[in-house]
Structures are given as C-alpha cells and as structure tokens.
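Trainee: I am new to this structure. Could we go through it together?

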Amino acid sequence: MNKRIGIRDGFLKFFFYNFLFPLFFIFLLASVPLIIGNSDGQVRFRLLYLLLAKDYITGLFNGSSLSFNVGQFQWYAFRELPPYFAVTLFYTGISSAIGILLGFPLGLLRYKKINSLSQNILSFIGSIPDFFIILLLQLGAIYFMKLTGKRLAKISMTSDLPILLPLIAMSLFPVLYVARQTSRAAHEVSCRDFIQFARAKGISRRRTFFLHLVPALLPGLSADTAKVAMLVLANVFIAENLFLIQGITHVMVNFSFSGGGGYQFDFVVTCLLYIFALYLIISTALRLLVHGAAFLRRYI
Amino acid sequence: MNREFYIGLVLLFLLVMTALFGPRFAPFDPGYSESVRTVVVDGENEYIFAPEPPSSRHPFGTDIYGYDFLTIILYGAKYTLGACFLIALLRIVPGLIWGIGAGMKKPSSRKMESAGAIPSFIILAFILSGMTFNTTMGTVKLFFIQTALIALIGLPGVITSIQDKTWLQNREPYIEAARSCGAGPFRIAWRHIFPHLRGATFTIFMTEVISSLNLIGQLAIFSIFLGGTIATQSPPLLHSATNEWMGIIALTRTSINSRPWMLFIPMTAYLLILVSFNLILHGIEKHYGKKYGKTPFL
C-alpha cells in the first residue's frame, strides 16, 4: 500500500516539476513584455495581463488561441508552425547528438591533460560566446570567398538551408562542454580508491579504464544530457537569428511584435510550447542514447 | 600566482584605464557624426560617405551613420566593463552567504530542471524589452536596473555551486572534528569552510564575469542594449544609448557581407576583454589546482 502511495506521489511530483511548472512558467514569461513597461521615468507593472493565460486556455476550445496574424497572413498553430519546428529539430537534434558522440570520447582521451596548454585553449574556445563564433565563421567564409573566389559555405539562408556553418557553431559548445565534464569526472574518478584497488589487484590499465572508469562516468553523462539540450536550445536561438534560418525560434523572435496588433501573446505562448516540446524530445533522445550505450556495454 | 594570471591582470588594468580615462582622449564628441564630408583631391572636391574605412582622420573608421568608431569604443568601454564586474559582484556576494548557509545541510535534488528549456537570455529579453526600447527612464537608472536583473537570473546557479562545494567540505573529517569540539554552524562556516572556498570563490567570480559578458552580448543580438535601445520608426533604425561594445557588434553585424571590416574593431575589443578574463581565471584555477589537486592512479 505504502509503495503504491510512493509511486503515485513520485508520479505527481514528476508531472508537476516536468510539465505543470514549465507550463505556468511559459504563460508567465509570455505575458512579461506586457506586464513590465515604463512611463514617466518609472518601471510600471500591469498585473492584469496575467489573466491572458485564462483567455488562451479558453481560446483553445474554440481555436482562437491557435490562429495568429503574421504580417498580412493568417497562420494556424498546427498548419504553418510544424515546418519551422522541423527545421529547428533538425539542427538541434544533429548538434546535440554530435555533442554527446564526439564530446564523450574526446573527454576520455584528454582526461590526463586536464591542466595542459591545449586544454586551456579548448576552455578558452568554450568561453567564447556563440554569437561571436558565428560572426567569426561568417567572416571567415566571406574572406575565403574574397581571396579564392570559391564559396566555402553559405553564411545565411536563401532558398535552402545553410548546413555546414550552423552545425559547426551549434555543435561546438555541446562537444566542448561534454568533453570538459567527462575529462573532469574521469580525472576525479581516476583518483578514487576503487581504481587504486583495481590496479593493486593487478588488473591492467586498459581493463581498469574500460571496466571501472568508463561505467562510473555514464550516470554523470546521463545527468548532463538535460544541460546539453539546454545549451543547444540556447545556441539555436542565436544561430537561427544570425544565419536567418527559418526555424521556430526565428519566427517567434521576428513575428511576436508584428501583425498590426502589437504584441501577440497567443503566438508567443504557442511558439514557447513548441520550444518546450523540442527540449523534451532532445533531452529524452539523448538520455535514451546514453542508456542504450550503457546497456550495450554489458554485451561487449 | 603564475604568469597567466599576471598577463591577464596587466591586460585588464589597461582595459580599465581605457574605460576610465579613454573618453578624455577621444578625438570627437560621442554625439558628433559625419555622414558625408568633402576632401580636396587634385584641386577637386570629393565626397566621402559613411561608413568610412580606417583613415588618418578616423583611425578605426566610422559606422553607417558617420560616428567615429574610436570615440564610441572609448565611451562605451566603461559600460561594458562596469556591467560585467557589477553583475558578477551582485551574484557572488549574496551567492556566497546564501550558498554557505544552504550548504550546511544536504542539498536537495534539482527538480525544476525543465524550466531551463528556455535560455536565460530569452527570459531576460522578455523581461527587459518593455523597459529598454525608447525608455523614459534615464540611461544610468536603466543600466543599473538591467544589471541587477541580469545578476538576479544567474544568482541561483552561483548559490547551487557554492552550496555543493560547502556540502562537500562539510563532510570532511576536520569539520566533524570541529563539530565534536563544540563549534557551532556559524563558526564552522566562517572559520573552516569559508577559507577553504576562497579559491572556488575567485574562480566563480571570474566565471560569472565571463558569463555576464556573454549574456550581455546575446541580449544585444536581440537588440536589448545596456542603458537602452533607441528605436526610430521611419527609417526603422536602432541605436545603443551607451555605445557599449556588444551593442556596437550587434549593430554592425548587418554590414557583415558588404563591409566586413566594420566588425573588426568592436570584435577585437571584445576579444581583448575575454582573453584577459580567461587568463586570470586559468591563472587562479592553476594556482589552486596545484595546491589542492589529487593524484590520479590510472
């Protein structure tokens, strides 16, 4: 009986923290540009705009919350927005997968060089913000074309998607983050007593590494998947804006204040819900990837 | 300390001097612009339109409105550097007090992880948009409100980091020994844990300086400039009220294809700050890493 209550409580907590709280947060966030304003040299709060959330939920039943004015056009949440969502999913999915699949082995290879010059250079690159890296990549592509006359990569979206530069820019930070976390964790684990014990028993370095050190890192990697998803989502906002990629974050940023009617609360809430869905998909897929790798390891 | 730390410190000192005394040596007034000027070439008048590439009159060139880049860089430095340090300070002081206090007990698991789906700069952009565009508040007042809000959004991360580090120290045998000798939580926190966190505090402070610099840059990409964004309807143009460096990068990025040289000066200035902060951070990490580092067995 107690076990059943425990499971129910656990589920309710999981549901609250993973769905209800983020939903509340999205409604609050979308109404903030209307709530906070300024006039006569003071910050003004118009709390009545908090009630817009109620209107949005009511509008879901008659469909009014799911149609928006974008320029001269009427858009619907489930007709026009999914292609933009798919574009963002494409970039975030690939770059987060690269982040894990490249970052983890890179971190393992470099854990003994944690205080080396090359590690410091990698840390420095990791501290350069995404927008700066994107501008550097774009400048590099422009000057390459000016010098050689050849187009290395597309620097913004025209009729088709730019692939190379956005994927480099968006994968760089997840790769460096996962590599850094893995290196630090591997260095820490390699100092622990059970590793010393394994070595003292005569187990070879290679065997200790693969059978004791690597499995000890997988729970940490699994916990880091949420952070990787957050990093990639932060990058995609900047990348879509600077490469002019027609993704869901780009349309949200560019059309939230258009349509002749000022700020479009319904449109912003719907876009934020799409972004939240993206986060859930990416973090779940990455977690499955890590768990899958941990499961397969048993058969190696 | 080590060489990296001192090089970073010297570089930072030069940047701080530029921020403090630079405007005195600026060649033009920050409000002065030359959208078009004439020069005499072979006895004939020639028109030069903004943006001008670097020349003897404008060593760093001008922007698309004719404002001298050197002047706006010198005037904007104090806002860029000031904001970074102020934000980091506003995070580290309460973060340290709160983090050590909370770390005396076992930290609870992170439950609201999903809220991180929306990046912090987007949350800030939503909060700041209403007060930043064509603000009726003074530039300085808005600057302090913006820095306080940027500091606030990063505060939970600092608290969590210090809390975790405090909890790790709290489990060490020497703390248990102090407790057995009758030391209270305040004495343990002040006399035993705080001195051990000194290295971590410097590291977190510098990390927060860098992260706030990056956050200000990300906000600038969405036209949220420190001190205010001046937006005109016809023609639809944006200006930074303070000329802070990230705002200049964001405003000149539209010229990346036609006049890429315009980005060099603000981007180099930004890179100099980043390099100096990183050198100091690595210097501190190296120093404390050598002092407290463990030996790997593999």
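Trainee: Which residue just after α5(B) takes a positive phi?

Mentor: This is a predicted model, where local features need pLDDT of at least 70, side-chain atom pairs count only at pLDDT 80 or more, and totals for chains, interfaces and linings use all residues. Residues are numbered from 1 along each chain as its sequence is written, while chains are lettered from A and ligands numbered from 1 in the order in which they are written. Helices are DSSP runs of H or I with at least four residues, strands runs of E with at least two, numbered from the N terminus. Just after α5(B), the phi is about 100°, and the residue is G182(B).

Trainee: Of the eight residues of helix α5 of chain B, what number is buried?

Mentor: Buried means 20 or more other C-beta atoms within 10 Å of a residue's own, exposed 12 or fewer, partly exposed in between, with C-beta atoms placed from the backbone. Helix α5 of chain B spans residues 173-180. It lies largely in the open, because the number buried is zero.

Trainee: How many residues does each chain give to the contact?

Mentor: Two residues are in contact if their C-beta atoms, placed from the backbone, lie within 7 Å. Chain A gives 50 residues and chain B gives 44.

Trainee: Which elements give two or more residues to the side of chain B that touches chain A?

Mentor: Look at chain B for these elements. They are α3 (120-132), α7 (198-221) and α9 (264-292).

Trainee: Which residue stands opposite V70(A) in β4(A)?

Mentor: Strands pair if DSSP finds at least two bridges between them. Four bridges join β3 and β4 of chain A, which run antiparallel. Opposite V70(A) stands F73(A).
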